[in-house]
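Have the sequence and the 3D view open as you read.

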Amino acid sequence: MKKYDVIIIGGGHNGLVCASYLAKRKYKILILEKNSEVGGLANCANFANSFSKKIISDLNIDIPQLNQNSYIVSLNPDTNHTIIEESQNGIIFHNSSATKENQEKFKILLNKYKKFSSSLSQFMNQTPPRIKSGVFQDTLKLMKMGWNVRKLGKKNMREFLRVIGLNIADELEDNLSDDILRGILSHEAVLGTNLGPRSPGSVLTLLYKQAINNGLVFDSEKYNINDYISSLEKICIDSGVEIRKNISVNKIKIIENRVSGVELDNNEIINANIIVSNADPKKTYLELLGPEPLDTDFIRRTKNFRSKGNVAKLTLLLNEKPIVNNIDKEKSNARYIFAPNINYVEKSFNASKYNNFSENLCFEFHILDKQLKLNLYYIPYIKNSTHDKEKIIQQCQNILKKFIGNLNITNAELLTPNDISNKYNVSGGHWNHGEFEIDQMLMMRPFYGSAQYQTPIKNLYLCSAGTHPGGGITGINGQNAAKKIIEDLR
Ligand SMILES: Cc1cc2nc3c(=O)[nH]c(=O)nc-3n(C[C@H](O)[C@H](O)[C@H](O)COP(=O)(O)OP(=O)(O)OC[C@H]3O[C@@H](n4cnc5c(N)ncnc54)[C@H](O)[C@@H]3O)c2cc1C
C-alpha cells in the first residue's frame, strides 16, 4: 500500500498553497479533490483580488496583474455615481455626488481605520496564540498584540478600543452625512458575513479586512482567477505533489487518537502520517472524522460554529457588452457596488434573519465582456428548502435596468448558498467557511481547542477559510497551516 507523508483533503486554493509550502520540504504529498477541477470556492469569485503578496513572492507565482487602475463605482439611483480609486497613497475621488467636505471626512475615516488595522496586520501571517496555555511563546504573542495596540498612542488606543465593538452604521452616521459614502463602507464591512450595518462588531470586520489587505479597504487589484488557480496547481505538480480529482474522502481514519489515513468513497484506503483538511471545520469534524473520538464539549463547540451562508452568485449572459449609464468607457473596468444607503442595506439584512430575501437587493458586480457576474448579498442558506430563484433574478434585473440601458439577458444562472454548498462541498455554502464575528476570530477561529490549525487528533490539521485569518482568496490559511506543520515536525 502506498504511503504518503501528507494527504490534503480538498484542492481549494488554501489546500494548494499548503501543499506548495510543504512540498518545498520534500514531503510526499497527495491532494484529494472531490470536484473535477481544483480551486473550490475561488471558482465563484470574479477575480483574485486579495491574494497575499508574501505568498506570491514565496512561491514565485507568476501571474500578471490585470490592470493598474481599478475603479470602485458606487451606483447612485440618480446616476451621479461615486467613482473611487484606492492605492497605498490613499483614496482618489474621480466623481461623486458627495460634497468635498464629505469626501475629505471619508478619507480621514479610512486613514484612521488604516492605522488601527496596522496593529492587527502582523498577526495575520501567524498561528494565533493559545489562551491560558501557560506556554511562553503564546504569552509573548498575546503581549505583542497588546503592545501593538498600545503603540498606537493613548488617544488612538482609546479610540481603537471604543470602535472595535461598535456597529459601522453608528460610526458612519457620526462621521459622514452622505448616503452613498455611508452605503459603500457599510457594504465593505458586512461583505460575506451575517452582519448588518447595525450589528455590533461590524467595524471590526472592516478593520480585519484592511489588516489582511495591507491597509486597503477595497480589493481593487485584480488577478485572473483561472490564471491564479492554474499557476498554483502547476507549482504543486512541478514540485512533485500528486493531485487526484473526482475523488471524495468519506472518512479520516485514526488509530489511538492519531491519524492513519483516509477512506475514499470507493472504499479505497490511503495511508499517511499527516492529514490536512481543506474542507470546512464542521464538515471535517462532524462528517469526515465523526463524533466518536471527540469529547462532548468539543462536539458542542463544532455544532455551535455558525456557518450559514448568505451570498449568492448570479451570472447573466447578455447579447452585447453592457454599458453602465454615466460611466466613461475608460473607467468601466470597475467593481460596481449597489448599496445606496445604510437603511437599505440593513433592511436587506433584516429579511435574511428570517430566511427570506428582501426586495432591497444589495450586490456587487464585474463586467466580463458580455457577462455580468454578480455577488448578491443576504440571500440566506435555508435548510431543506429553496428560494424562488426566478423572483430573485427578476428583482435583480429590475434594479440593474435602471443603470444599464442595453441589458438584454440571454441566459441567467443563479447559485444560491444551498447550490454553492452542494457544488463546492462547503457547509452552509458560507463565503468564509464560517461566520466572521468577534467570537469566531483570531484565537477563537474556528473555536477554542482548534484554533492553531491543530485538532484534538494527533497529526490532523485544518487549513481552510474556517481557520484564522478567515476567508477570501488570500492563501494565508494554507500558508499558516503549512508553517505550523513544519514547526511541529521539527
Ligand atoms: C459567491 C462567492 C463569491 C466569492 N467571491 C470572492 C471574491 O471576489 N474575493 C474573495 O477574496 N473571496 C471571494 N469569495 C470567498 C472565497 O472564494 C473563499 O473564502 C475561499 O475560496 C475559500 O478557500 P478554501 O481553499 O479555504 O476553501 P474551498 O475553496 O472551499 O476549498 C475546499 C475544497 O475542499 C473540497 N472538499 C470538501 N470536502 C471534500 C471531501 N470530502 N473530499 C475531497 N474534497 C473535498 C471542495 O470540493 C473544495 O474544492 C467568494 C465566495 C463565494 C461563495
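## Helix 12 and what lies around it

Helix 12 has these buried residues: Ile 342, Tyr 344, Val 345, Ser 348, Phe 349 and Ser 352. Buried here means 20 or more other C-beta atoms within 10 Å of the residue's own, exposed means 12 or fewer, and partly exposed is in between, with C-beta atoms placed from the backbone. Helices (H or I, at least four residues) and strands (E, at least two) are DSSP runs, numbered from the N terminus.

Before going on, a word on the model: it is predicted, so local features need pLDDT of at least 70 and side-chain atom pairs count only at pLDDT 80 or more, while totals for chains, interfaces and linings use all residues. Residues are numbered from 1 along each chain as its sequence is written.

What covers those buried residues? The cover includes helix 6 (168–175), helix 7 (179–190), strand 12 and strand 13, counting two residues as in contact if their C-beta atoms, placed from the backbone, lie within 7 Å. As for length, the twelve residues of helix 12 (342–353) should span 16 Å at 1.5 Å a residue, and the end C-alpha atoms are 17 Å apart, which agrees; the expected span is 1.5 Å times one less than the number of residues. Just after the helix, Asn 355 has a positive phi of about 65 degrees.

Asp 369 sits in the loop between strand 12 (362–368) and strand 13 (371–377). This residue is exposed because it has 9 other C-beta atoms within 10 Å. Its C-alpha atom is 9.1 Å from that of Leu 318, 51 residues apart along the chain.

## Around the ligand

The shell around the ligand holds 41 residues, and Gly 10, Gly 12, Asn 14, Gly 40 and Gly 471 come nearest; near means a C-beta atom, placed from the backbone, within 6 Å. Elements giving two or more residues to this shell are helix 1 (13–23), helix 10 (281–289), strand 10 (311–318) and helix 14 (417–424). Helix 1 gives the most, with three residues.

## Two domains

An automatic or database assignment sets the domain bounds: domain 1 is 3–63 + 224–305 + 429–489, and domain 2 is 105–212. Their C-alpha centres lie 27 Å apart. The contact takes 22 residues from domain 1 and 17 residues from domain 2. On the domain 1 side, helix 15 (476–489) gives the most, with three residues.
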